[in-house]
Amino acid sequence: MALIKARTEAASGLLPPLCREIIKRMDKIAALTEILTLDPTNAFARYGLAMEYASQGSVETSLQEFQRLLSDHPDYTAGYFMAAQTLAKAGRTDEAKAKLTQGIASAQRTGNQHALSEMQAMLDDLDLAG
């Protein structure tokens with residue numbers, strides 16, 4: 001197994017940077033998926049998977065992962081904020097506002113003033129933008 005890993009690492013040096021980046025991202029998704037296979041309710045892994053899909057531009061898959069995270073962990077406040085950012089970036093402003101409203105309620109329940117102020121600021125910005 002170590003020999004295969006060493007050969008793979010050596011060969012990866014021959015790959016163009018874009019290919020190495022794709023492999024690295026796939027490795028993150030594979031690793032997080034494996035963690036979730038072992039522990040489907042692992043909030044940190046679910047959040048990381050949603051974030052990784054969002055960073056790759058896989059909006060729908062990302063939002064599905066955020067939804068599952070928030071269904072299992074309704075007070076994972078950062079999930080609301082990042083889901084709202086993903087929605088806003090995709091031009092889905094009304095959905096982003098709804099997610100922020102839910103996130104603000106979560107932040108109030110958990111006493112997370114920092115998250116509350118960040119989400120309120122984003123909501124205000126979205127309201128101003130029209």
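The protein contains seven helices and zero strands, and its order along the sequence is accordingly written as α-α-α-α-α-α-α. The model described here is a predicted one. Of the 130 residues in the protein, 31% are buried, and the protein exposes about 8,000 Å², of which 59% is supplied by carbon and sulfur atoms. When contacts between residues at least 6 apart in sequence are considered, 46% of them join residues at least 24 apart.

Two helix pairs, both involving helix 7, are described next. Two packed helices are described by the angle between their axes and the distance between the axes. For helix 5, which spans residues 77-89, and helix 7, which spans residues 113-129, the packing angle is about 20 degrees, and the axes lie 10 Å apart. Because angles under 35 degrees count as roughly parallel, helix 5 is described as roughly parallel to helix 7. The crossing of helix 5 and helix 7 is left-handed. On the side of helix 5, the contact is formed by Thr77, Tyr80, Phe81, Ala84, Gln85 and Ala88, while helix 7 contributes Ala115, Glu118, Met119, Met122 and Leu126. Sorted by class, the residues in this contact of helix 5 with helix 7 comprise eight nonpolar, two polar and one charged.

The second pair consists of helix 6, covering residues 93-110, and helix 7, whose axes come within 9 Å and cross at roughly 155 degrees. Since angles over 145 degrees count as roughly antiparallel, helix 6 is assigned as roughly antiparallel to helix 7. The crossing of helix 6 and helix 7 is also left-handed. In this contact, Thr93, Ala96, Lys97, Leu100, Thr101, Gly103, Ile104, Ala107 and Gln108 of helix 6 meet Ala115, Leu116, Met119, Gln120, Met122, Leu123, Leu126 and Asp127 of helix 7. By class, the contact of helix 6 with helix 7 is made up of ten nonpolar, five polar and two charged residues.

The C-alpha atom of Gly130 is separated by 10.0 Å from that of Asp94, although the two residues are 36 residues apart along the chain.

Notes:
Residues are numbered from 1 along each chain as its sequence is written. This is a predicted model: local features need pLDDT of at least 70, side-chain atom pairs count only at pLDDT 80 or more; totals for chains, interfaces and linings use all residues. Side-chain values use heavy atoms; hydrogens and water are left out. Helices (H or I, at least four residues) and strands (E, at least two) are DSSP runs, numbered from the N terminus. Buried means under 20% relative accessible area, exposed over 50%, partly exposed in between (1.4 Å probe, protein chains only). Contact means heavy atoms within 4.5 Å. Accessible areas come from the Shrake-Rupley method with a 1.4 Å probe; for residues, only the protein chains shown count as cover. Axes are lines fitted to C-alpha atoms, for helices over the stretch in contact, and angles run from 0 to 180 degrees between N-to-C directions. Angles under 35 degrees count as roughly parallel, over 145 as roughly antiparallel, 65 to 115 as roughly perpendicular and the rest as oblique. A crossing is left-handed if the near helix is turned anticlockwise from the far one by less than a right angle, and right-handed if clockwise. Ala, Val, Leu, Ile, Met, Phe, Trp, Tyr, Cys and Pro count as nonpolar, Asp, Glu, Lys and Arg as charged, and the others, Gly among them, as polar.
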